[in-house]
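Please look over the sequence and the structure below before reading on.

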Amino acid sequence: MEQMITANIALDIFSIVLSLIPVVYLLSCQRYRQPMNRHFLGICVSNIFMILGDIPDWLFQEAPSAPEKAILNASSILFYTASAFVLYFFARYIYDYLEISGRARKLLLTAIRVLWSIQVFFAAISPFTGAFFYVTDDGYQRGRLFIISQLVPLSCYLLFSALVIVYRRRLTRREAVFFLLYIFVPLGGGAAQMFLRGIAVVNIGVSLALLFILVNIQFEYEIDLQRKEQELAERHIDIMLSQIQPHFLYNALGTIAYLCRHDPLKAEKATEEFARFLRGNMDSLKKRDPVPFEKELNHVRNYLYLEQQRFQERLRVEYDIGTKDFYIPPLSLQPLVENAVRHGILHRKEGGTVIIRTVEDGEDAVVTIADDGIGMEKARDAPNLGTHTGIAIENVRSRLRIMVGGSMEIQSSDEGTVITLRIPLMGGI
């Protein structure tokens, strides 16, 4: 018996060491700054806490004292709670890896949060109710609702398996195989431990599975991310040039020249805004990291001020800024606003209104650019639609996804266009 206890404690310690390898890798060179890497770091850290919560179960098996019983209760809560966080962070990791967005992502995250809440709730009340576990003079014992603590991870792993199958076209065969290994190795270990208590197979299984992901998926993801960053760097000048359209420069200078003759004070103000606009574009050419949203918003304000000087009452702008505490790729808001102005409301004789709105929605910032123009379908048929517009919008979508883990949705009709950006509040930090 003592040899088995010693062996299990040794397995747990070895599992912690295995889990620390990805942690050290992610903390080195600040790799955790990328949103998906933070989810992977969350898996590893939660797994370490789960294993730490398991060790007292092997240490205090025979006639535990009152302090030892208290430690057993606390460590058991830690074990079940940390296991819930392992599942939660893996859900976030696989959703980002598979690039699941929109309604599907929201529903899936809601399902995971419900399962997470069940696990944490019953773990917290178990010392008082014996739901998942209770502690007696014989040590840790399984509670009458212990089966729920096994069904929760089982449901999560089945959901993850379904996602890998449904979105298999977004994965290479090797990626799919190793994701399924991560899912079924712990699942098999949990099934074995559920019916055969006495050997810590789950912890070592999860830790090995984390190494599977690190070696066979995460490394390739890092290589792919570097390749994409290189592509972004090569396209950065093109993106920059697509934002400073020659017609805008000519029109802005023409507007300033007109104001110089008729309203010198406004001409001075317009010149200052034009200089700020150009400086913002030039600064963005040097940026490879996300910038504070407020900085991007100020750049858009400069652009819209110049356009309002030219189009006067035909262009109305409303700001409803509920949050600014997040990061966004540089030059990602202005092309969307320009699309609303140039290819939306200005195609109407009477003009229209552009509304820029931001709100917090859970863990995300939601940015909305709305206009009451003619809609994107009609605008495509207009003779003066710039060739760079569609490219610029797709560049914004791509940079949102890669740089801050964000997404873009476009809804357009004859009554106008609404572009919605969803950006993690921690994205880019």
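What percentage of the 429 residues in the protein chain is made up by buried residues? Buried residues, meaning those under 20% relative accessible area with a 1.4 Å probe and protein chains only, make up 52% of them. This is a predicted model, in which local features need pLDDT of at least 70 and side-chain atom pairs count only at pLDDT 80 or more, while totals for chains, interfaces and linings use all residues. Residues are numbered from 1 along each chain as its sequence is written, and side-chain values use heavy atoms, with hydrogens and water left out.

**The whole chain**
- The protein chain has 13 helices and 9 strands, taken as DSSP runs (H or I of at least four residues for helices, E of at least two for strands) and numbered from the N terminus.
- Of the chain's contacts (heavy atoms within 4.5 Å) with a separation of 6 or more, 74% are between residues 24 or more positions apart.

**Helices α10 and α11**
- Helix α10, residues 293–311, packs with helix α11, residues 334–342, at an angle of about 20°, and their axes, which are lines fitted to C-alpha atoms over the stretch in contact, lie 10 Å apart.
- That angle makes α10 roughly parallel to α11, a term for angles under 35 degrees.
- The residues that make the contact include H299, Y303 and F311 of α10, together with V337 and V341 of α11.

**Cover of α11**
- Helix α11 is mostly covered, since 9 of its 9 residues are buried, among them P335, N339 and R342.

Technical notes
Axes are lines fitted to C-alpha atoms, for helices over the stretch in contact, and angles run from 0 to 180 degrees between N-to-C directions. Angles under 35 degrees count as roughly parallel, over 145 as roughly antiparallel, 65 to 115 as roughly perpendicular and the rest as oblique. Buried means under 20% relative accessible area, exposed over 50%, partly exposed in between (1.4 Å probe, protein chains only).
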